[in-house]
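Thanks for coming. Let's look at this structure together.

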Amino acid sequence: DDARARLIRQLSAFDWGLVRELAQLVKEQTFGPEIAEFKPAPVVPLSRPAEEVAEARRTGEAAVREGTVAAFVVAGGQGSRLRFDGPKGCYRIGPVSGKSIFQIHAERVLAAGLRYGVEIPLYVMTSETNDAQVREFFEQNELFGLPAQDVAFCTQRMLPAFDAEGRLFLDAPDHVFVSPDGHGGSYRALQSSGALDDMARRGVRHISYFQVDNPMVPAIDPVFIGEHVRTGSEMSSKVLKKREPREKLGVFADIDGALRVVEYSEMDDALQRKTLPDGSLKYAFGSIAVHAIDIDFARRMASADLPFHVAHKAIPVRGDGGEAAEPDEPNGFKLERFVFDGIPHARNPLVMEVRREDEFAPVKNLDGDDSPATARAAMMAQHRRWLRQAGVDVPERGVVEISPLFALDAEELKGKVSRLPVSDNLYLE
């Protein structure tokens, strides 16, 4: 009886109109041909005049000082691909300190607030899967030094998965399998939680959006915010040069005059390898899921009918005899919305290039590319560069880490150190 009641409670909470719509989408899904050749979107390049960068920085710094910028980290997933039992943000990534990814992000927000003399709120999006764990982790760590009134959580919606016939999966006798509705669910989560109303009350106009699995992303980037503000963009995005044609990053496209992101899975091998007459890669810039979003635009997108994307995945299921089964091959379909599908609806959308070595080292896999090892190596390489620019002789093989609370960038570091002893293990906080 208790199990029946739990199942009924879950089923009663479903939006059955939406469930039927999604089931029909799965049944009709044809997985059609990949996208044809398209025009790359214009990008604000790294190699632009120094005075333009300086002007963008001044504009962005003014916006931050005025309290019009909030940080928003999307953190609804678990660390399953890392074989980590818990939310990915709880994973300890600091090369020397062992700080969690959450702590590094939070300290960047705190340090930016101290630099600009303003309290910057941090909003954290969780999911039903990890919400309790994330909140507890923040509480156990005393919000990483942030004031309690400046940390808020919102939870994204969960959606069922379907088999090819549009049926739901039971992953337990009293539970239907559900998963988060994708980072595109962040618009709805911000609205339904009251976070957008809270931002408006604070005077926030711009959201600095980033995903939890990138420990190198600047939580508050004044140059990016400045470019976003001075161009009157409602949604801006960062890109970087792809390390090879088939790197799994979406690319920005100009299709019929509208800016949109084309996922790597929508491009065949020949299209991804397409070159320009000078031999350079035609689709050279990849999206790193970092955006600046105006809150009025986020509010519009919360009620917009953004498309659902269908992904063929391995779904845990109960067999006819009730036994649990973890399939080795995809057996069902998950549906998600993507945050970048809002871009075609935005006024003056902007795309800005950044350096990989400064801003992008995702933690996705246990080993190989985009793993904790590659992320730590990138973090240490960046901090060695900063120290050398400040005149400090740092061993190439030394283990180095600079806390955001000590310096947010090379310029700030220069003002704090001139001579330090050579060390194979250096941690500055």
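Lysine 414 and glutamate 411 sit 3 residues apart in helix 13 (residues 410–414), so about one helical turn separates them. Helices here are DSSP runs of H or I with at least four residues, strands are runs of E with at least two, and both are numbered from the N terminus. The side chains of lysine 414 and glutamate 411 form a salt bridge, 3.7 Å from N to O. That term means a side-chain nitrogen of Lys or Arg within 4 Å of a carboxyl oxygen of Asp or Glu.

A word on the source. This is a predicted model, where local features need pLDDT of at least 70, side-chain atom pairs count only at pLDDT 80 or more, and totals for chains, interfaces and linings use all residues. Residues are numbered from 1 along each chain as its sequence is written, and side-chain values use heavy atoms, leaving out hydrogens and water.

Buried or exposed? Glutamate 411 is exposed, at 57% relative accessibility. Lysine 414 is partly exposed, at 38%. Buried means under 20% relative accessible area, exposed over 50%, partly exposed in between, with a 1.4 Å probe and protein chains only.

Next pair. Glutamate 359 bridges to lysine 238, with the closest N and O atoms 2.7 Å apart. Glutamate 359 is in helix 11 (residues 356–359) and lysine 238 in strand 10 (residues 235–241), so the pair ties together parts 121 residues apart in sequence. Both residues are buried.

Arginine 356 pairs with glutamate 247 at 2.8 Å between the closest N and O atoms. Both are buried too. They also belong to a salt-bridge network with Arg243, Asp369 and Asp370.
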